[in-house]
Amino acid sequence: MSELVLLLLRVGFLVLLWFFVFGVVYSLRADLFGVKVRKLPAEAAAGAPASAPAAPAAPAAKPASSRPASTGPATIATAKRLVITSGPKAGLELPLAGESLTIGRSSESTLVIRDDYTSSHHARLLLRGDRWAIQDLDSTNGTYVDGKKVTGGPVGLTLGSTIKVGATTFELRA
């Protein structure tokens with residue numbers, strides 16, 4: 001082979017090597033520091049989610065089973081806690097007092113889940129009006145509600161809906 005061909009091959013392999021190095025550095029940076037979390041269109045326009053306080057609903061009779069009835073949307077008055085039913089933190093109950101709850105591996109998340117299948121900023125549980133909804137934050141393995149993958153925008157939740165993030169499963173309960 002001529003010296004020119006060898007020189008071009010060497011330069012080509014060097015450029016390819018640098019592409020791999022930059023790819024690894026970018027991937028490590030994203031895992032260590034997370035990715036920028038996007039605001040919802042309503043939050044970006046108004047600065048904060050607009051939600052009027054809802055009137056408390058009359059308490060319903062408890063069903064005989066341990067799982068609450070999922071007859072309608074989870075409202076402020078009925079959904080008071082998030083219960084982890086399976087995964088590394090099974091049995092943990094979180095009160096739903098604020099308007100949003102972030103879920104992920106990052107220490108910045110409200111609920112930190114340390115498992116290999118959860119992204120650093122995986123999902124956001126938010127209150128839209130008087131309904132709870134969940135939004136996937138472009139996670140690698142996805143967020144599932146009752147076995148269906150959350151795509152597009154926030155998905156409304158009902159009491160007893162099964163939410164799966166990584167290897168962890170949650171439910172909204174009264």
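Visitor: Before I go on, what am I looking at, and how is it numbered?

Guide: It's a predicted model, where local features need pLDDT of at least 70, side-chain atom pairs count only at pLDDT 80 or more, and totals for chains, interfaces and linings use all residues. Residues are numbered from 1 along each chain as its sequence is written, and side-chain values use heavy atoms, with hydrogens and water left out.

Visitor: Back to that pair: how accessible is arginine 81?

Guide: Arginine 81 is partly exposed at 26% relative accessible area, and glutamate 93 is partly exposed too, at 45%. The cut-offs are under 20% for buried, over 50% for exposed and partly exposed in between, with a 1.4 Å probe and protein chains only.

Visitor: How many salt bridges are there?

Guide: Two in the structure. Arginine 173 and glutamate 171 also meet through their side chains, at 3.0 Å from N to O.

Visitor: Are those two buried or exposed?

Guide: Arginine 173 is buried, with 19% relative accessible area, and glutamate 171 is buried at 7%.

Visitor: New topic. What's the overall layout?

Guide: The protein chain has two helices and eleven strands. Along the sequence, the pattern runs α-α-β-β-β-β-β-β-β-β-β-β-β. Of its 174 residues, 32% count as buried.

Visitor: What about the second largest pocket?

Guide: Its volume is about 230 Å³, taken as the space filled by probe spheres set on grid points joined across faces, edges and corners. A pocket is an open set of points on a 1 Å grid over the protein atoms alone, where a 1.4 Å probe fits, with protein on both sides within 12 Å along at least five of seven lines.

Visitor: Which residues lie nearest its centre?

Guide: Asp31, Ser119, Ser120, Asp138 and Thr140, out of 15 lining residues; lining means having an atom within 4 Å of a point.

Note on methods. Helix = DSSP H or I, 4+ residues; strand = E, 2+ residues; numbered from the N terminus. Salt bridge = Lys/Arg side-chain N within 4 Å of Asp/Glu carboxyl O.
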